[in-house]
Amino acid sequence: MEPYRIKVVEPIPFTTRQQREEALRRVNYNLFDLRAEEVTIDLLTDSGTGALSAAQLAAGMAGDESYSGSRSFYRFHETVTELTGYAHILPAHQGRAAERVLFTTLLERGDLVLSNTHFDTTRANVELNQAEARDLPCPEAKNLDSTEPFKGNIDLDALARTLSGPDGSRVAVVVMTITNNGGGGQPVSMDNLKRTAALCRQHGVPLFLDAARFAENAWLVTRHEEGYRDRTPRQVAEEAFRLADGCMMSAKKDGIVHIGGFIGTNDPELAQKCELLLIATEGFATYGGLAGRDLDMMAQGLTEVTEPSYLAERAAIASHLAHRVRAAGVDIVEPPGMHALYLNAGRLLPHIPPHRYPGHALAVQLYLEGGIRSAELGSLYLGEEDEHGNPIKSAPYELVRLALPRRVYTRSHYDHVGETLAKIAKNADQVYGFRITDQSPILRHFRATLVPVPITG
């Protein structure tokens, strides 16, 4: 059972199918543009959507709003330093702000950034600095049905070849995303992280963690990796941070807060350059665009998130939803992670070609049938077309992510998700595809407008 009791509740909206049809037409079938009051179960993201604990709210009430050198900053700084071991800690208002400051400071035109998988904003911030983001997922990640426990790993052979090959001089940083969000929420093993760190040291390349879900990665390590089964998640997390040269983190995930993030590094010169940019664009170095209360709540959340009882329940709720989804006849990326489930939309909707976006089609159908909002991770997110709409590049997989907000929904809410998917699966051949009518040059899935397209033949 949940290791907490509910103190405050918020009503959720229930809409009719007609209302949802009208809402979809109004937003041009882009689920990001739906109003929150039009969504019954919101699984769009786990970023900043969690429920605060009583201790976090109490910490926020004690927040010190001094512009410089507040008590809240020093509590935050002490907490993060103890967790990560990094010599220099800079707060930021969220993860993509930390990415922007770090990459703007670290990267030059033509540089190469290697990763197990870049997520969307990470890739965008690399490319905005006119550098190349290259993914090196491990071979096991290609088999969506495999239950291999560490499919989030980086491909060590490909990493070694790149670092020692003709592109080696271009590599500015290696980023290890834990857990691997773009790769199905799969964890990274400590062995893989150690070997990556050794390769980076050998070639003089810094290793940074994208640590948004560091605690969930640590929990899965304690469950599945030999030599770590008797460790606590906190001990695993501390070791992981110390294997890297630094990190950037969106604390809206495993900080369990609504806003916040940070950069950590052991490089004093890099820290100084980042601090100057932070002051110019985010805020003074002791608040980084955050209120004092946010710093206090982040510090408390970073303490709570490694509690074994919290993480065990987080894993259990994901397992419960996975069971309901499989029972509905829908395949997922196996094994299920903790922050999200990834539905195999391409397999469920084989009649919809990639350039008609089967992942987006399933996401729209989830909303239409059950008021459930989710996120496409397929060819709308990763694909490209020419000016006539003909496909140039498709995503390797057509997925839909059901992200699980922390401490928000109960099992009965997730039962509703399973029941909705079962209805869709029974008539999967009737689900229609989509065509883009307008898009932005980067991160198009956030702002694209679409129209439904019947699929014939």
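**Terms used in the legends.** A residue is called buried under 20% relative accessible area, exposed over 50%, and partly exposed in between. All views show a predicted model.

**View 1. R170 and E132 form a salt bridge.** The closest N and O atoms of R170 and E132 are 2.9 Å apart. This pair links distant parts of the chain, 38 residues apart: R170 belongs to the loop between helix 6 (156–164) and strand 5, and E132 to strand 4. R170 has a relative accessibility of 26% and therefore counts as partly exposed. E132, with a relative accessible area of 30%, is also partly exposed.

View 2. Strand 2 pairs with strand 8 (residues 261–265) in the antiparallel sense over five bridges. The bridge partner of P91 in strand 8 is F262.

**View 3. Strand 6 (residues 207–210) is covered on both faces**. In a regular strand, side chains alternate between the two faces of the sheet. On one side of strand 6 are L207 and L209, on the other F208 and D210, and all of these residues are buried. Strand 5 (residues 171–177) pairs with strand 6 in the parallel sense over four bridges. Within strand 6, F208 stands opposite V175.

**View 4. K253 carries a modified-residue annotation in UniProt**. The unreviewed entry gives this annotation as "N6-(pyridoxal phosphate)lysine". K253 is found in the loop between strand 7 (246–250) and strand 8. The relative accessible area of K253 is 14%, so this residue is buried. Leaving aside residues up to four places away in sequence, K253 touches D46, S47, A212, R213 and R406. The unreviewed UniProt entry also annotates residues 42–418 as the domain "Aromatic amino acid beta-eliminating lyase/threonine aldolase". That span is 44% helix and 15% strand, and its end C-alpha atoms lie 14 Å apart.

**View 5. R213 and D46 are joined by a salt bridge**. Side chains of opposite charge can pair when their charged atoms come close. For R213 and D46, the closest N and O atoms are 2.8 Å apart. R213 lies in the loop between strand 6 and helix 8, and D46 in the loop between strand 1 (41–42) and helix 2 (54–61), so the pair ties together parts that are 167 residues apart in sequence. Both residues, R213 and D46, are buried. A network of salt bridges links D46, R213, E216, D254, R314 and R406. The count of salt bridges in the model comes to 35.

**View 6. A salt bridge connects R411 with E313**. The closest N and O atoms of R411 and E313 are 3.2 Å apart. Because R411 lies in helix 16 (residues 411–426) and E313 in helix 12 (residues 308–327), the pair ties together parts that are 98 residues apart in sequence. R411 is partly exposed, with a relative accessible area of 25%, whereas E313 is buried at 9%.

**View 7. E225 is buried yet has no salt bridge**. E225 lies in the loop between helix 8 (214–224) and helix 9 (233–243). The nearest side chain of opposite charge, K194, is 6.5 Å away from E225, whereas a salt bridge requires the nitrogen and oxygen atoms to be within 4 Å. Not counting residues up to four places away in sequence, E225 touches F150, S189, M190 and D191.

How values were computed
Residues are numbered from 1 along each chain as its sequence is written. This is a predicted model: local features need pLDDT of at least 70, side-chain atom pairs count only at pLDDT 80 or more; totals for chains, interfaces and linings use all residues. Side-chain values use heavy atoms; hydrogens and water are left out. UniProt positions are given in the numbering used here, feature names are shortened, and annotations may be inferred rather than shown by experiment. Helices (H or I, at least four residues) and strands (E, at least two) are DSSP runs, numbered from the N terminus. Two strands pair if DSSP finds at least two bridges between them. Buried means under 20% relative accessible area, exposed over 50%, partly exposed in between (1.4 Å probe, protein chains only). Lys and Arg count as positive and Asp and Glu as negative; His and the chain ends are not counted. Contact means heavy atoms within 4.5 Å.
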